[in-house]
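Hi there,

Here is the structure I promised to pass on. Have a look at it first, and my notes follow below.

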Amino acid sequence: MDPSRSSAPLPYGSWPSPIDAATVARARTGLDFPLAADGHVWWQEALPDEDGRTTVVEHTPQGGSRALLAAPWDVRSRVHEYGGLSYLPVGSPADASRQIVFVHLPDQRIYRTEPDGRPPRPLTPCPAAPAALRYADFALAADGHEVYCVRETHGEAGAITRAIVAVPLDGSAAEDPAAVRELAVGADFFAHPTPSPDGRRLAWITWNHPDMPWDATELRVGPVDAAGPTTGRTVLGGGAREAVQAPCWRDAHALYAVSDRSGWWNLYEVDPDGELPPRALRPAAEEFAAPLWELGGRPFAQLADGRLAVVHGRGDQRLALLDPKDGTLTDVDCGYAVFAPALCADRNTVVGLAGGPARPLCVVRLDTGAQGAVEELRRELDDPPDPAYLPVPRATTFHDAAGQVVHATLHPPSHPSAHGPEGEPPPYIVWVHGGPTGNESAVLDLSKAYFTSRGIGVVAVEYGGSSGYGRAYRERLKGRWGVVDVADVVLAARTLAARGEADGDRLAVRGPSAGGWTALAAVTTGLAAHGVVFRAATSYFGVTDPRLLVAQLHDFESRYLDGLVGPLPGADAVYRERSPLGHVGAGTCPVLLLQGKDDPVVPPRQAEILVRELEAHGIDHVHLAFEGESHGFRRAATVITALEAELAFYARTLGFETAD
């Protein structure tokens, strides 16, 4: 007899679980942007117990790991509002002069740490208005005297301009703004400032409205001198259907970069003079990069022996070594199934972010030489739960009536002893990622395990428009946001119910940001096409009215909806037709709205106007707004409250009693 079936069955949703909301909040320690040099490793680390404050941690061979910045210093850039790489080690370890430069969240100025415990000193001028000058995506100049970065300037009447600038490390620009040199200008957006090894040239990525960085970008190269800023010349990209990213100098005479000119983000060798055509290093129908939502992440890194450490795959990505001479690609079997597109090389050592279904995201260091050693330096959760309480993800696909494939990952209920009633399928939550140009990962996510360990299944749907499956799959959402995504999540829910894997009468849908839009659209505008499918919908800071969003969006995404829905005012009728606002009706299920009061991406008014409509129609709803939270909850107390509210909401709407 199976011992797990020896006890009496428990209703789904009521299984006792050691994974409480506080455990999930502790797992929100955000690790990002690992860098390495001379045996030292650094990374950004967000601290949920300190209201989401971000510090920089340094790991040394002799001293282990230590945080370099105590409160109140908060290392986070607001460039594009999503930020990115917000620090950089500078100086030399040989003379004990190594410090870090970083962006401080409240004022967005760049600071440099000082030795002997002295407070950091500013490197950039005080802006005329709070946070009017913002910086991100750092690189050290070849002579070590300046840092190059993207600067975002917020001027009068909402005007926003960007440039790549050089900030002197001697602090002179703190009092003299003219000491900050403009290196590259002439576009709406910039990324990846990358100086050549000899310091004479600069490579960077640029794009313009209305494109997003996964639509159309250019790799440009220009001189670095005192003559003034340059617009450079395009050496890769420049077409309407080519997105380029992550330049890396092979040497002073050649570059590597990623382009999706083939329909997939593959690696190319590029002539910086533009005289030779780009050469694909290994053509493949898989992705070697991910969308550039945050500035600074590098999906590959060059080792001292000339090989490239890369991430690649469909959906989730794994680590491999690529020989650029013959295209040989060798996967690295290191015990971590998934790698993030954030790699850095220190001679023949690779540092990255990795995890797996039973492993939280970790900062890892790998020796690519003969020893092949793997060292875990930090993990997002020190003590993961017993794996018996964790779901075992299973990749699956669904097919619509036209034969279109929709990718998804199942996370069935999992418990070492509890089981549901014989012959009864469990309730399921359709998990919708944000973006919408994003994706879900099979890396351990305790917010999913919080539900699956209680007997509630999760299906994470990679609806059309998701990244990881090539440009054609990504562009399924072009002009069809609110249609394709809704149809795909409904398809997943109904197929699971038809298979007998999910209870068709106890289905919920939830998502953050653009995922919140999809969840809300599925229970409002989607009713006409698909009928009533879901019994509950949860929106984490989700979009409710795209017309209002266009008027409120920050500059980075201000033209995003041109491609997803259509340009205004011509597409106004389409916006009205797709908006959850104005389509609440008798078939709308109960709704939970969770919102940050300081959200600049999806402002709180988005939730407030939907609340009024839900009230007017007598629709069961809960609205929780959190002080001090932005787009993506960072504080432990907020994460706990939101997750416990979500579970209680499902218990009431899907009909079960929790064990908590």
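To start with a question: does Glu 81 count as buried or exposed? At 19% relative accessibility, Glu 81 counts as buried, where buried means under 20% relative accessible area, exposed over 50% and partly exposed in between (1.4 Å probe, protein chains only).

Before the rest, some ground rules. This is a predicted model, in which local features need pLDDT of at least 70 and side-chain atom pairs count only at pLDDT 80 or more, while totals for chains, interfaces and linings use all residues. Residues are numbered from 1 along each chain as its sequence is written, and side-chain values use heavy atoms, with hydrogens and water left out.

**The chain as a whole**

The protein chain has eleven helices and 37 strands; these are DSSP runs numbered from the N terminus (helices H or I, at least four residues; strands E, at least two). The C-alpha trace spans about 70 × 60 × 50 Å along its principal axes, and 60% of the 660 residues count as buried.

Most residues other than glycine have a negative phi, and most peptide bonds are trans. Glu 81, in the loop between β4 and β5, has a positive phi near 70°. Pro 72 lies in the loop between β4 (64-67) and β5 (87-90), and the Ala 71 to Pro 72 peptide bond is cis, with omega near 15°. Another cis bond runs from Gly 435 to Pro 436, with omega near 0°. Phe 33, in strand β1 (residues 31-37), has a positive phi of about 50° and is buried at 6% relative accessibility.

**Two aspartates**

Asp 503 sits in the loop between α4 (484-499) and β34 (507-512) and is buried, at 16% relative accessible area. Its side chain reaches the backbone nitrogen of Asp 505 at 2.9 Å. Leaving aside neighbours within four places in sequence, Asp 503 is in contact (heavy atoms within 4.5 Å) with Pro 425, Pro 426 and Pro 427.

Asp 660 follows α11 (636-654) and counts as exposed at 59% relative accessibility. Not counting residues up to four places away in sequence, Asp 660 touches Arg 454 and Leu 647.

Notes. A polar contact is a pair of N or O atoms within 3.5 Å; within protein, one must be able to donate a hydrogen and the other to accept it, and residues adjacent in sequence count only if both atoms are side-chain atoms.
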